[in-house]
Amino acid sequence: MSSLLYTIPNLLSGFRLVAVPVLLVLAWRGCDRAFLALLVVALLSDVADGYLARRLHQESDLGARLDSWGDFALYITTPLSAWWLWPELILREACYVTLVVVSFVLPILIGFVKYRRLTSYHTWGAKLSAVFMGCSTVLLFAGGPAFPFHLSTGILVLTQVEEVIITFILPEWRSNVPSLAHALRLKKEGNLSGRG
C-alpha cells in the first residue's frame, strides 16, 4: 500500500494540498509576487501529476482522488486569496468570478449528493479548461487583459456541464471518465468496475 501512496504523481497532488495554506497566508499578508509564483508552481503540478501518472503507469483511484482534492483545495481558495490581494479586480470581474466559482462547486456538490464522495472524472474537457483557466487567471492577476479569462470561463462552464451530465448518467462512482461519450458507453455496457 505504501508504494501506491508515495508515487511522484501523488506527491505532486499532495504538494497542492500543502501549498494551499501557504497561498492563503501569502495573500493575507499582501505578498502578491510570492503568491503568483507559488500559484504558478501549484498549477504546473496539476498539469504534471496526471501526465506522470500515465507515463509512469502509476494511475490509481487513490491518485485520482488525491488529485481531485488537491484541485478542489487550490481552486476553492484562489478566489478568496484574489479578493485579499486584488479586491478591485475581483469586483470588476465579479460576474465571471461568480460563474467560475458556481461552475466549479455545483458539479462537486451534485457528486457528493449522489456518490457521497468527490467526483474524479478528469475529463479531457476539464483538463483543457484547467490549462486555459490557470493561464488566463495568472495573466489576469499579473495585470494582463481580461478577455482570456472571459473565454476560459465559457470553456469551464461547458466542461462542468459535461461533468454534471456524467454524474446523472453513471449510477455509481467511477474515476477517470474521459468524456460524456465514455460515460454513455460505460452505462450501456454496464461496465462500472473500478469504483475504488
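At what angle do the axes of helix α3 and helix α7 cross?

**Entry 1: ground rules.** I am working on a predicted model, where local features need pLDDT of at least 70, side-chain atom pairs count only at pLDDT 80 or more, and totals for chains, interfaces and linings use all residues. Residues are numbered from 1 along each chain as its sequence is written, and side-chain values use heavy atoms, without hydrogens and water.

**Entry 2: α3 and α7.** I looked up helix α3 (residues 32-55) and helix α7 (residues 124-141). Helices here are DSSP runs (H or I, at least four residues), numbered from the N terminus. The two axes come within 10 Å and cross at roughly 165°. Each axis is a line fitted to C-alpha atoms over the stretch in contact, and angles run from 0 to 180 degrees between N-to-C directions. α3 and α7 are therefore roughly antiparallel to each other (the angle must be over 145 degrees). α3 passes α7 in a left-handed crossing (the near helix is turned anticlockwise from the far one by less than a right angle).

I then listed the contact residues (heavy atoms within 4.5 Å). From α3 they include Phe35, Leu39 and Leu43. From α7 they include Ala130, Gly134 and Phe141. The contact divides into ten nonpolar, one polar and three charged residues. Ala, Val, Leu, Ile, Met, Phe, Trp, Tyr, Cys and Pro count as nonpolar, Asp, Glu, Lys and Arg as charged, and the others, Gly among them, as polar.

**Entry 3: the cores.** Nonpolar side chains tend to be buried together in soluble globular proteins. I checked for nonpolar cores (sets of buried Ala, Val, Leu, Ile, Met, Phe, Trp, Tyr and Cys residues joined through side-chain atoms within 4.5 Å). The largest has 27 residues. Among those with the most contacts inside it are Leu39, Trp86 and Phe149. Which helix gives the most to this core? It is α3, with six residues. Leu39 is in contact with Leu23, Leu74, Thr78, Val138 and Phe141, leaving aside neighbours within four places in sequence. A second, separate core has nine residues, including Tyr121 and Ile166.

**Entry 4: two single residues.** Is Thr167 buried or exposed? Thr167, in helix α8, is buried, with a relative accessible area of 1%. Buried means under 20%, exposed over 50%, and partly exposed in between (1.4 Å probe, protein chains only). Not counting residues up to four places away in sequence, Thr167 touches Ile110, Gly111, Lys114, Tyr115, Thr119 and Tyr121. Ala48 lies in helix α3 and is partly exposed, at 24%.

Definitions and conventions. Helices (H or I, at least four residues) and strands (E, at least two) are DSSP runs, numbered from the N terminus. Angles under 35 degrees count as roughly parallel, over 145 as roughly antiparallel, 65 to 115 as roughly perpendicular and the rest as oblique.
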